[in-house]
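I opened this notebook page to record what I looked up, strand by strand. The entries below follow the order in which I worked.

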Amino acid sequence: MLSSCEQQQPLQQHRTKAEIFHKFDPDQPRVEEPFVITLTAPTDVQLENGKIEGISMYMGSIPLVIEQITASEWQAQVWLGACSDPQMQWQVTVPWYNTATSARGVYVFQFMTETN
């Protein structure tokens with residue numbers, strides 16, 4: 001149970017050199033409704049479990065469990081709780097590892113949800 005939310009300063013967006021892309025299903029995620037994040041990456045890139053954090057308000061760190069669907073596609077089932085902010089901004093952080101080059105990095109992106 002969430003007892004309070006605290007305002008948090010926006011975080012700086014990080015970039016990655018790996019060609020990783022994401023999409024949502026449904027296209028506009030909403031709080032307190034399940035949605036799926038699908039990530040596409042080159043076949044030599046392995047994604048690791050990540051996290052979701054609130055940017056506009058502190059909501060803690062929510063684990064993001066990522067499952068490999070195909071050689072280049074990964075999915076995470078997500079359900080986010082509501083807070084007092086009607087348009088919540090979130091940041092997703094997904095570590096990755098390139099099996100061909102041993103390079104490591106982090107794929108980071110932001111999205112918004114609206115209350116129902």
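Leaving aside neighbours within four places in sequence, with which residues is leucine 64 in contact? I worked from a predicted model. I found leucine 64 in contact with Ile37, Asn49, Gly50, Lys51, Ile52, Ala76, Val78, Val92 and Val94, its neighbours within four places being set aside.

Entry on the core. I noted that the largest nonpolar core holds 26 residues, and that Leu64 is among the four that touch the most other members, together with Ile37, Leu39 and Leu47. I then listed the elements that give two or more residues to this core: β3, β4 (45-47), β9, β10 (87-98) and β11 (104-114). Of these, β10 gives the most, with five residues.

Entry on the open sheet. I traced four strands in the order β2-β3-β9-β8, with antiparallel pairing. The edges are β2 (21-25) and β8 (67-68), each of which pairs on one side only. Between β3 (residues 35-40) and β9 (residues 73-78) I recorded six bridges, again antiparallel. Leucine 39 faces tryptophan 74 of β9 across this pairing.

Entry on β5. I looked up which residues of strand β5 (residues 50-54) lie on its covered face, and found Gly50, Ile52 and Gly54, while Lys51 and Glu53 make up the uncovered face. In general, side chains in a regular strand alternate between the two faces of the sheet. I found β5 joined to β7 (residues 61-64) by four bridges in an antiparallel arrangement, with glutamate 53 opposite serine 61. β5 also pairs with β10, antiparallel and over four bridges; there, lysine 51 stands opposite threonine 93.

Definitions and conventions:
Residues are numbered from 1 along each chain as its sequence is written. This is a predicted model: local features need pLDDT of at least 70, side-chain atom pairs count only at pLDDT 80 or more; totals for chains, interfaces and linings use all residues. Side-chain values use heavy atoms; hydrogens and water are left out. Two strands pair if DSSP finds at least two bridges between them. A nonpolar core is a set of buried Ala, Val, Leu, Ile, Met, Phe, Trp, Tyr and Cys residues joined through side-chain atoms within 4.5 Å. Buried means under 20% relative accessible area, exposed over 50%, partly exposed in between (1.4 Å probe, protein chains only). Contact means heavy atoms within 4.5 Å.
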